Amino acid sequence: MFGYYVSLAIRSLRGTPVLSALMVAAIAVGVGASMTVLTLNYMMSQNPLAHKDSVLYAVQLDSWDPNEAYQRSSNEMPVQLTYRDATALLRSDIPARQAAMHRYGFTVSSDDFELRPFSGEARITTRQFFALFDVPFLYGGTWDADADSSPVQQVVLSKATNEKLFGGENSVGRSIDLNGEPFTVVGVIDKWNPSPKIYDLNNGPFNEAEELYIPFGLHRKFEIYSWGNTNGWASGDSGEGYEGHLQGESVWIQYWVELQSAEQLENYRDFLTGYIREQKQQGRFQRPLKFALTRPSEWLVLNEVLSDDNRVLGWLSLAFLLVCVVNAVALMLAKFLRKAPEAGVRRALGASRQAVFVQHVIESGCIGVFGGLCGILLALVGLGTIRQLSFGYIDQVATMDWLMMLAAVGLAILASLLAGIYPAWRVSRTNPSLYLKTQ
Amino acid sequence: MLKMHNIRKSYRTDTIETHALRDFSLEVNEGEFVSVTGPSGSGKTTFLNIAGMLETPTGGEYLLDGDNVSHLNDRQRSRLRNEKIGFIFQGFNLIPDLNLFDNIDVPLRYRGFNSKERRRRIEKVLEQVGLSARAKHLPSQLSGGQQQRVAIARALAGEPRFLLADEPTGNLDSLMARQVMELLEFINEWGTTIVMVTHDPDLARRAHRNIQIVDGQVSDLQRAVAAAEAATA
């Protein structure tokens, strides 16, 4: 009977094209608007490291002002570390992998005189960054181990940068100039663009991944400051010049570790506890002993990648969908009750109330399918408009994947079934004898 | 075949209670052609709706083929209606956006026949009513008499044992009315029991038996008394 009911539904929709179009439009507009917002929220709250959620941890140490807790994170600890703490933690051999990092930028030039120098976003990091975050390599690999602590001018390029500089060839061993200094290419990574950029949510969570990756050991040689957010509480750095900046209490380094077992985790906790106690003896870390190891999924929440505003917007979009459903209920009621005489005839010919109900619910489901498909188109238009208005910075999240498309159709069918249940129930409860005499 | 004993049906609004049928008793035997007449508002259509299980009586007992159907649920009544009863209405009640084939197909779908069996039955009844060539036409493309023949074909497709006709010729001119009446008589000769409500005394006389309903009660006292006696025996 399902096929029969579907054919009746399509025939019925074609029989009242204007009313049907209005019902489809009501569902489509509601689904389109809500899916635009829900897609944004869904993409923004994605965890690109979900497959390593049980072993990766962002490290926080409470090195903040003894007189006032850090106010910008919900656990009242800075989300970045000082340079001196980061370099101290790097000496631990407990984690299976670990990486310290921050955002930076260079002017990039090459031997190709036709290529104009350009500004390239860079990540200053340690060699295990790539393995830690499963960054795929196209050519070569990460830099030498001593490059994390001594000035070795090596670079890993993104795929796009390699295409720009070398036409996509294997450029390992070739040289490029960064800020006028020669760097040897040791690796080229394949296309890789985690969204949100979970390893550095503090500096544009939806920015593109960097174009250049530079060893951590070059700080002193090039006096590298962070191009990202730097937060501090002490009145000045603890010393003169760049060395004073490195040894100061400003936080600007993101730090991640991979701990593959409960034992490693416990050992690392002990290590951090010991480190903080040691620092306390030296006059630092004057707040109560506190640190945090936070998994990627929790890190997204802690950093409020999906803000309260986004959540409210999500609820508002669902409320709008509800308004559209209420409109669809009214339209379906009008349509179904207009066809009540036909339902009366069907009842006289042997259809039970349940059969009449199911027939009309399936008709509303068909409206939902059409509404869902139109809703996807509207959502794509909505997301495209957001991309245009946001000047590209949100390109990665203003896109709809297959899961969200299926969700859109599912939401539309659910909405239309909800809208159709009451009208279908009403028409199935009408007394057929009322219509048989008067038709 | 059909046996009603002390059937009551009343409709209640906030202020008024109307008794459509009062202590209504009637028996119709297998193969009979019974006409039902009576003034407007006497309860003829209410009787027909209860007989067709479209409405439930307020009280009394209704036996169809010996089974008490007064207390069946909606699904059971719908199945019985589909299997045993055919309806013919004054206004034809064809579904306007379905062609003749699909109109006749409706009760067969609810019966659960496969497509081959449905097609066989539809083609057979269309041939019986002389409309085989019009199978793909819409009801609006037919005359009133032709539409009523389609309605009869639809009622017959399920091979019911009991046909309920509510003023089947009321919307037809005399020539078409005669043709439809002849068709009903022909169907009755095949063995189908027919109860026909009509205002036309000439048509009523052509039935085996005429029942008059007045103020919600059967005025064929002789048969009513006999039915009541049989019920109490």
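Domain bounds here come from an automatic or database domain assignment. For chain A this assignment gives domain 1 (2-45 + 307-436) and domain 2 (50-302). The C-alpha centres of domain 1 of chain A and domain 2 of chain A are 48 Å apart.

This is a predicted model, in which local features need pLDDT of at least 70 and side-chain atom pairs count only at pLDDT 80 or more, while totals for chains, interfaces and linings use all residues. Residues are numbered from 1 along each chain as its sequence is written, chains are lettered from A and ligands numbered from 1 in the order in which they are written, and side-chain values use heavy atoms, with hydrogens and water left out.

**Helix H10 of chain A**

Helices (H or I, at least four residues) and strands (E, at least two) are DSSP runs, numbered from the N terminus. The expected span of a helix is 1.5 Å times one less than its number of residues. Helix H10 (residues 308-338) of chain A has 31 residues and should therefore span 45 Å, which agrees with the 45 Å between its end C-alpha atoms.

Relative accessible area sorts residues into buried (under 20%), exposed (over 50%) and partly exposed (in between), with a 1.4 Å probe and protein chains only. Buried residues of H10(A) include Asn310(A), Gly314(A), Leu321(A), Cys324(A), Met332(A) and Phe336(A). With contact meaning heavy atoms within 4.5 Å, the buried residues of H10(A) pack against helices H1 (2-15), H2 (17-44), H11 (340-348), H12 (353-389) and H13 (402-429) of chain A.

**Nonpolar cores**

A nonpolar core is a set of buried Ala, Val, Leu, Ile, Met, Phe, Trp, Tyr and Cys residues joined through side-chain atoms within 4.5 Å. The largest such core has 78 residues, and those with the most contacts inside it are Met400(A), Met4(B), Phe24(B), Phe47(B), Tyr62(B), Phe162(B) and Val195(B). Apart from that core lies another, of 44 residues, among them Leu178(A), Trp252(A), Ile253(A) and Leu259(A). Leaving aside neighbours within four places in sequence, the contacts of Phe24(B) include Met4(B), Ile7(B), Phe47(B), Ile213(B) and Val218(B).

**The interface of chains A and B**

The size of an interface is often given as the accessible area lost when the parts come together. Buried area is the accessible area (1.4 Å probe) that two parts lose on being put together, summed over both. Between chain B and chain A it is about 2300 Å², with carbon and sulfur atoms giving 52%. On the chain B side, Asn93(B), Arg109(B) and Tyr110(B) lose the most area to chain A, together 27% of what that side buries. In terms of contacts, 25 residues of chain B meet 25 residues of chain A.

**Salt bridges**

Side chains of opposite charge can pair when their charged atoms come close. A salt bridge is a side-chain nitrogen of Lys or Arg within 4 Å of a carboxyl oxygen of Asp or Glu. The whole structure holds 34 salt bridges over all chains, and two are found across the interface of chain B and chain A.

| Pair | N to O distance |
|---|---|
| Lys159(A) and Asp190(A) | 3.9 Å |
| Glu30(B) and Arg161(B) | 2.6 Å |
| Asp202(B) and Arg205(B) | 2.4 Å |
| Arg347(A) and Asp74(B) | 3.0 Å |

Asp202(B) and Arg205(B) both belong to helix H7 (residues 201-205) of chain B, three residues apart, about one turn of the helix. Asp202(B) is partly exposed at 48% relative accessible area, and Arg205(B) is exposed at 60%. Lys159(A) is partly exposed at 30% relative accessibility, as is Asp190(A) at 26%. In chain B, Glu117(B), Arg120(B), Arg121(B), Lys124(B) and Glu159(B) are linked in a network of salt bridges.

**Backbone exceptions**

Most residues other than glycine have a negative phi, and most peptide bonds are trans. Ser195(A) and Pro196(A) are joined by a cis peptide bond, with omega about 0 degrees. Pro196(A) sits in the loop between E7 and E8 of chain A.

Glu76(A), not a glycine, has a positive phi of about 55 degrees. Glu76(A) is in the loop between strand E1 (56-61) and helix H3 (83-90) of chain A, and is partly exposed at 36% relative accessible area. Met53(B), also not a glycine, has a positive phi of about 60 degrees. The loop between helix H1 (44-51) and strand E4 (59-64) of chain B holds Met53(B), which counts as buried at 2% relative accessibility.
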